[in-house]
Amino acid sequence: MKVCKVCKKEFDGTHRDVCSWQCDEKRLKSLREKLDESVKADKGHTENLGM
Ligand SMILES: [Zn+2]
């Protein structure tokens, strides 16, 4: 049994880290949000210099 990285539920699967596509979506969404945040932090830095 593996443990879903999103909801921590145990599930049967060998080549996936999440139990369902819903959890896959959630994981992608949070990854994207993290990426957005780092991009924003980066932009904020350069924008302050530019303006
Ligand atoms: Zn899950």
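Good morning, colleagues. The structure before you is a predicted model. Its mean pLDDT is 88, and 86% of the residues reach 70 or more. Among the elements, helix H1 has the lowest mean pLDDT, at 87, while E2 has the highest, at 94.

Let me turn to the fold. The chain contains one helix and two strands, and along the sequence these follow the pattern β-β-α. The helix, H1, covers residues 21–50. Of the 51 residues in the chain, 4% count as buried.

Where does Lys 8 lie? Its place is the loop that runs between strand E1, residues 2–3, and strand E2, residues 10–11. The backbone here deserves a remark: Lys 8 is not a glycine, yet its phi is positive, at about 65°. In general, most residues other than glycine have a negative phi.

Is Lys 26 exposed or only partly exposed? Lys 26 counts as partly exposed because it has 16 C-beta neighbours inside 10 Å, a count between the limits of 12 and 20. Finally, Lys 26 can be related to Cys 7: the two are 19 residues apart in sequence, and their C-alpha atoms are 9.6 Å apart in space.

Thank you for your attention.

Methods:
Residues are numbered from 1 along each chain as its sequence is written. This is a predicted model: local features need pLDDT of at least 70, side-chain atom pairs count only at pLDDT 80 or more; totals for chains, interfaces and linings use all residues. Helices (H or I, at least four residues) and strands (E, at least two) are DSSP runs, numbered from the N terminus. pLDDT is the predictor's confidence in each residue, from 0 to 100.
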